[in-house]
Amino acid sequence: MSVATEKAPAAAVPEPRATKKKRGPDHRPGLSRKLPYLLLAPAVLLELLIHIIPMLVGIWMSFVKLTKFFIANWSAAPWAGFDNYRVALDFDNAVGEGLLKSFGVTVAFSLITLALAWCLGMAAAVALQPPFKGRSLVRTLFLVPYALPAYAGILTWNFMLQRDTGAVNHLLVDNLGLVSDRPFWLIGGNALVSLITVAVWKLWPFAFLTLMAGLQSIPRDVYEAASVDGAGSIRQWRNITLPSLRPVNLVLVLVLFLWTFSDFNTPYVLFGTAQPPAGDLITFHIYNASFLTWNFGSGAAMSVLLLIFLMIVTGAYLLITGRRSRRA
Amino acid sequence: MRLRSLVAAVAVSALGVSLAACGGSDSGDSSNGGGGGDATLTYWASNQGTSLDNDKQVLTPVLEKFTQETGVKVNLEVIGWNDLQTRIQTAITSGQAPDVVNIGNTWAASLQATDAFLPFDGDAMNAIGGKDKFVPTALATGGKEGTDPTSVPLYGLAYGLYYNKAMFAAAGLQPPKTWEEMVTAAQKLTNPAKKQWGMALAAGSYTENVHFAFINAAQNKADWFDADGKPTFTGDGNVQGVLRYLDLMQKDKVANPSNAQYDNGTKSVNDFATKKVAMVINQNNADSSIVANGMKAGEYGVVPFPAPSGGEQVASHVAGINLSIFKNTKNKDAALKFVKYMTDATTQTTLGKPFSSLPVLKDAKPVFTTDAAEAATFADVYNTKSKPLPLVPAEDQFESTVGKAMNGLFAKIATGGTVTADDVKTALKTAEDQVAASS
Amino acid sequence: MRDTKGFKIYRAVVLTVLGLFVLVPLYVMATSSLKPLSDVQGAFTWWPSNLTLDPFVDMWRTVPLARYFVNSTIVSVVATVFSVAIAILAAFAVSRFRFRGRTVFSTTVLSTQMFPGVLFLLPLFLIFVNINNSIGVQLVGTRLGLIITYLTFSLPFSIWMLAGYFDSIPRELDEAALVDGCGPMGALWRVVLPAARPGVIAVAIYSFMTAWGEVLFASVMTTEANRTLSVGLRQYSTQTNVYWNQIMAAALVVSVPVVIGFLLAQRHFVAGVTAGAVK
């Protein structure tokens, strides 16, 4: 991901590379030429083994008819050309329609989760910026959801969201009396609400942590100067905090987007095999398309489409934010 | 100096990796031995008992006895249903597989299509004791019709309608013999205000739902695939059968809408065992959960799941667990011996009780219950009122697409929507398209 | 500095709302683990009417939790150690050297973050099996296979963060070390790494959490002997019952050490994230 350090202008505050090159530790040209490659070798080897080669195999899979009839002998699987893509993108057909719906759900899920996690993280980071008694205790508490193993947290939510025996309905219906009819949270339209809630619960501490760390690097006297000038809290936040956090935000937003968009654990642990259409996130949809119907070619094609989409979005994001930060 | 530290770093990495390699030594290594005396078989068993550990405790003495008799060691791994399908798929894909695996028999025809399993042809079938020892309908689940089966029945299961004797007596009701009687009785025993419901349905479990889609359609004499293996999901009998089952919640209102969230049969059985509901339709292995959750044997009775009057008398699909041998096993003879042992009369009797299963052998008596009437009911359903699920390669897709369609329809009903015959037809059409697209 | 009245109200509101949001699930987890099974299956109550410690006893029997815990710990710790070590080397190269293929490397590593893990699963399994068949290293159904997989999962983000952090360390420091006769590796070891300690710890925590919480690959690549917690916890829902109280008890027990470790390290993490992200 170190693209951010060089190519990606998301990395902001560009390092004066040219000077580094001259002053770099290459006083021994022979070794120096080989050394970076030696240093990269283990990473490259592992990336090849675990990521790149399987990815290429995956792309190949998307072009063959890899159904249960050929799964035991891949080499016999017939070439499908773009058939798998055609089926996945034919939105009049049940398969394509399902993929499109799932894509829509995922976009909604990802954007809302990202926005909420960021807002909560920011709200908490700002609230904890000035020191007060018990600050480190609160900070510790806020970090627990992130530190909890993912499935432990999600399983607890699953338990809380049960209709008859869950804590959420007990609170809403029995304690507060807000609704008379116990709502469903894990099926029907509310499933998306539940999914977002759980994802935000798990993710916002990460945003909080990153933003809080960013805030620490803003010198205090900047705020003091602003106070003297009569700027209120809100103006201070807008004029000082937000611009200072820009480099952090650029990276944070991208990471949160990629993580939420390809979130698999949350729907998988929250809904089990009974995932409702409103909670049908795309990676889970692809999992079902591959493993439940044994159509691995089709699942691979969907994955490649997802990859292309994410690459375009990321590329555009880096391009746009990069141009802006260069102007700044 | 720099080179040396580099070398050191590499050496440390290498050492570390080899240290790490010491972990997890006894994995499913099935490559040794040649079927002779000291062969070791790897056996994957699906979860049947109260926990994976419980299965292990039950199976271990049985496997030890096999080792004593034949000298063949068995390496057992019990696998939860959550993981079983992906485990089998990856095993098939890679060829790195156990020797023997037990599977839900409804997958038999689908797994057969992968060509990864050993067909029980004449010789293999003789080696395990001949096909005549099995209940014919049970053996029929072993693969596509007219082919050598790639699996043989191991544990037999069948659906029955469990009812609470005390509740029925208090309401002056007789156990139902037709669908209509069942609905009437259920309505009489339903009182939402007191959180009392006539029935519990595992309406959020696609595997349970699809079984009832199948059984209800079969009662309407409707099939899900034609002779060429093409899906025929949208036939009138199929739509009406599905709707009849959905109407238990929608029109008849005898099931708690919360059931739409019950994503496995366990939850509905628990409601029955804790006396929140008067009836539940489940397979006979519900017995152990019912007792484990506080109801005593004798407090409940079982009758066949009834068809509407004038309908076909189908009360269950031929449910159960089958046993398969992976084709690339290096211990074929030992594996055949093992299958023979697991399906012989003694082992069937030993395992019938803890796993609450029906014997898959002709002439064998069910031992899973001491209640003679219950045993007779289930034996009758299994032997005469059961129909195998579609024996076509696309069976697994039928299960997931139709089952999930029903999950969605139940969810719609539970959250206040209305489901008409047209809605059912539309949902089944989508399922049919999905199956058609990937076959 | 900004202790106005408005800010204090704002802070009180934020801390209350977020505190409740975080605490309620933790509270439910803790109290449910102290209830008998019949109570967790019935209507929810905020306060347990029958307190019992049985779930904490039974949970070790229903599922071999201790073994899964050991497996998870070994896999996560070893994966973390190697991931961090390899990421340090790669990040050092990216940060301190200009070489051909640097951009290609960076871009490729970034793109791996966008490919859905679901699709790796089958090909990766197949590759592992082929490795086993050709050179005899057993990767499927062993801890080694999981370790290699997980350490690679966290590599891209780790390299990215560390490279950013290394960039922020003035090169004058390296120079000084070089002048003192150290080679580049000596400079890394003696100068860069000590200065980058917070970042290294941050990356280590991230790697650990990645390995500790992974579900999908663990469910396919493990067998009974090397199964990890993420798969193991799901086994409390069996054919005959869902042992909610034991799930909660087990979740609590396996979380406590991690939460404690995490919190001990969080001071370093704070500094680490800043530097990595700001760069």
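In this predicted model, helices α4(A) and α11(A) cross in a right-handed sense. The two helices span residues 94–127 and residues 246–261 of chain A, respectively.

**Helix pair in chain A**

- The axes of α4(A) and α11(A) lie 9 Å apart, at an angle of about 140°.
- An angle over 145 degrees would count as roughly antiparallel, and α4(A) and α11(A) are therefore oblique to each other.
- On the α4(A) side, the residues that meet α11(A) are A:T106, A:F109, A:S110, A:T113, A:L114, A:A117 and A:W118.
- Their partners in α11(A) are A:V253, A:L256, A:F257, A:T260 and A:F261.
- Sorted by class, this contact holds eight nonpolar and four polar residues, with no charged residues.

**Contact between chains C and B**

- Chain C has 38 residues in contact with 35 residues of chain B.
- Elements of chain C that each give two or more residues to this side are α3 (54–62), α4 (65–96), α6 (117–135), α7 (143–167), α9 (184–195) and α11 (216–221).
- The side of chain C that touches chain B is made up of 19 nonpolar, 15 polar and four charged residues.

**Form of chain B**

- Chain B contains 17 helices and 11 strands.
- Its radius of gyration is 24 Å, close to the 22 Å from the globule rule for 439 residues, so chain B is as compact as a globular protein of that length.
- The C-alpha trace of chain B spans about 85 × 60 × 45 Å along its principal axes.
- Of the 439 residues in chain B, 58% count as buried.
- Among contacts in chain B with a separation of 6 or more, 75% join residues 24 or more positions apart.

Conventions: Residues numbered from 1 in each chain as written. Chains lettered and ligands numbered in written order. Predicted model: local features only at pLDDT ≥ 70, side-chain atom pairs only at ≥ 80, totals over all residues. Contact = placed C-beta atoms within 7 Å. Helix = DSSP H or I, 4+ residues; strand = E, 2+ residues; numbered from the N terminus. Nonpolar A, V, L, I, M, F, W, Y, C, P; charged D, E, K, R; others polar. Rg over C-alpha atoms; globule rule 2.2 N^0.38 Å. Buried ≥ 20, exposed ≤ 12 C-beta atoms within 10 Å, placed from the backbone. Axes fitted to C-alpha atoms, helices over the stretch in contact; angles between N-to-C directions. Parallel < 35°, antiparallel > 145°, perpendicular 65-115°, else oblique. Left-handed = near helix turned anticlockwise from the far one by under 90°.
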